[in-house]
Amino acid sequence: PENLMGMQATIEQAMKSREILGISDPQTLAHVLTDGVQSSLNDPRLVISYEPSTVESPRKAPAPTNLTQEELMAGLQKNVRYDILEGNVGYLRVDDLPDQEVLSRLSGFLVNHVWKQLMGTSALVLDLRQCPSGHVSGIPYVISYLHPGNTVLHVDTIYNRPLNTTTEIWTLPQVLGERYGAEKDVVVLTSSRTGGVAEDIAYILKHMRRAIVVGERTEGGALDLQKLRIGQSNFFLTVPVSRSLGPLSGGSQTWEGSGVLPCVSTPAEQALEKALAILTLRRALPGVVHRLQEALQEYYTLVDRVPALLHHLSSMDYSMVVSEEGLVTKLNSGLQAVAEDPRLLVRAVGPREISSGSEAESHEPLEAEPEIPKDEAARKALVDTVFQVSVLPGNVGYLRFD
């Protein structure tokens with residue numbers, strides 16, 4: 001409501017000018033009104049439409065209580081799918097999140113035929129790229145299975161304007177079956193079509209630091225959009241009636257209107273491939289850290305600083321590492337700060353820079369000894385690239401070698 005300051009005056013001014021009211025084509029009028037409202041309120045979710053064929057407001061889908069178990073199952077299987085990908089990565093695609101009642105009625109099926117198959121995986125990809133909608137009451141179920149069970153967490157507060165009610169969303173203290181291991185990586189895939197409740201899930205998991213979001217900036221939609229008839233006309237106003245107050249970000253920001261910004265931006269159609277590459281890197285992380293610790297213990301000359309370096313490596317937060325470059329930067333800044341030694345340097349090398357696996361594992365120098373050419377002219381050319389010799393004024397000899 002605070003954004004409506006001045007809107008009444010804007011409407012009255014438009015009526016006085018008669019320019020807008022003089023538009024004879026109703027579809028054109030709807031577009032003009034939409035542009036005016038969206039620009040005045042800076043909210044792309046507000047849409048005015050002309051629908052002469054709509055006698056009543058659009059019919060709502062049948063309530064779950066009116067559907068049979070078989071009908072609920074058919075809807076669930078259409079909107080929720082899973083797979084086990086290469087590398088023992090679980091894949092869960094949700095195109096429409098059911099409400100609390102549906103999830104409760106079908107919880108046994110979901111746990112036994114979907115969730116148990118994913119529990120043994122080493123990482124999970126949650127695909128929300130084709131999820132434009134869902135039910136707010138289903139949010140705690142998704143978040144709770146990915147949240148450790150030893151505490152309950154306040155993940156959102158939702159305000160409903162027409163009802164003037166505020167609802168807090170908390171993780172569930174108990175779930176049917178098991179929760180996904182907190183030490184396992186989770187990646188959420190998003191697209192510009194990811195909207196509403198799906199955006200809230202991506203936002204919550206990102207701010208919990210429980211998931212890496214990969215893909216496109218989301219739609220910036222709303223948790224609950226309602227289409228209201230304007231008077232007795234065939235014009236309708238689509239308006240968000242609920243808002244997330246974003247407690248995980250201190251209420252200072254939310255995803256509505258602006259969308260959820262991914263941790264790793266990539267076109268939606270490439271998001272799964274990118275996610276699998278990130279998970280491959282993260283699978284290798286413990287081995288990299290372990291070998292780095294071994295190298296410091298065996299080779300670092302400032303022995304008294306080694307215990308602090310080992311502790312730093314073991315306690316460092318790697319939850320948001322998504323690239324080799326990011327890992328190298330994080331390791332270098334941390335190690336150099338702890339050791340107060342700018343000579344400590346980690347770098348990522350390509351396969352061509354490593355002559356053999358055994359050489360890399362043994363920490364031997366990677367540079368090979370240059371071959372000395374047999375040809376005299378070639379030898380002289382090699383020497384000239386390494387040494388520079390000249391006689392300076394005053395009969396001063398000058399020898400430089402790089």
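Figure 1. Setting aside residues up to four places away in sequence, Thr218 touches Thr190, Ser191, Ser192, Thr194, Glu199, Ser258, Gly259 and Val260. This view, like the others here, comes from a predicted model. Thr218 sits in the loop that runs between strand 8 (212–215) and strand 9 (225–229). Its relative accessibility is 4%, so Thr218 counts as buried. Look for two polar partners of this side chain. One is the side chain of Glu199, joined to that of Thr218 by a polar contact of 2.7 Å. The other is the backbone nitrogen of Val260, 2.6 Å from a polar atom of the Thr218 side chain.

**Figure 2. Thr190, one of the residues that Thr218 touches.** Here we move to strand 7 (residues 185–190), where Thr190 is found. Is Thr190 buried or exposed? With a relative accessible area of 0%, Thr190 is buried. Its side chain reaches the backbone oxygen of Glu216 at 2.8 Å. Not counting residues up to four places away in sequence, Thr190 also has Arg129, Ala202, Val213, Val214, Gly215, Pro262 and Ala268 among the residues it touches. Leu261 is 71 residues from Thr190 along the chain, yet 9.3 Å separate their C-alpha atoms.

**Figure 3. Ile201 in the largest nonpolar core.** This core has 44 residues, and Ile201 and Leu205 are those with the most contacts inside it. Helix 7 (residues 197–207) gives the most to the core, contributing 7 residues. Which residues meet Ile201, leaving aside its neighbours within four places in sequence? They are Leu97, Leu126, Leu128, Ile139, Val142 and Ile143. As a general background to both views, nonpolar side chains in soluble globular proteins tend to be buried together.

**Figure 4. Helix 8 and its kink.** Helix 8 covers residues 271–299, 29 residues in total. From its first C-alpha to its last it reaches 40 Å, close to the 42 Å expected at 1.5 Å a residue. Where does helix 8 kink? Follow the helix to Leu285, where there is a kink of about 40°, shortly before the proline Pro286. Leu285 is itself buried, and other buried residues of helix 8 include Ala271, Ala275, Ile278, Leu281, Arg282, Val289, Leu292 and Gln293.

Figure 5. Asn332 has its place in helix 10 (residues 324–339). The relative accessible area of Asn332 is 12%, which means that this residue is buried. A polar atom of its side chain lies 2.6 Å from the backbone nitrogen of Val346. Leaving aside neighbours within four places in sequence, Asn332 is in contact with Leu344 and Leu345 as well as Val346.

Figure 6. To finish, here is a residue in the loop between strand 13 (387–392) and strand 14 (396–401): Gly394. Gly394 is exposed, with a relative accessible area of 68%. Ala14 and Gly394 are 380 residues apart in sequence, and their C-alpha atoms lie 90 Å apart in space. The domain assignment divides the chain into domain 1 (7–42), domain 2 (82–265) and domain 3 (278–339). Taken over C-alpha atoms, the centres of domain 1 and domain 2 are separated by 36 Å.

How values were computed: Residues numbered from 1 in each chain as written. Predicted model: local features only at pLDDT ≥ 70, side-chain atom pairs only at ≥ 80, totals over all residues. Heavy atoms only, no water. Core = buried A, V, L, I, M, F, W, Y, C linked by side-chain atoms within 4.5 Å. Buried < 20%, exposed > 50% of the residue type's maximum accessible area, 1.4 Å probe, protein only. Helix = DSSP H or I, 4+ residues; strand = E, 2+ residues; numbered from the N terminus. Contact = heavy atoms within 4.5 Å. Expected span 1.5 Å × (residues − 1). Bend = angle between axes of the 7 residues up to and from the residue. Polar contact = N/O pair within 3.5 Å; in protein donor to acceptor, adjacent residues only side chain to side chain. Domains from an automatic or database assignment.
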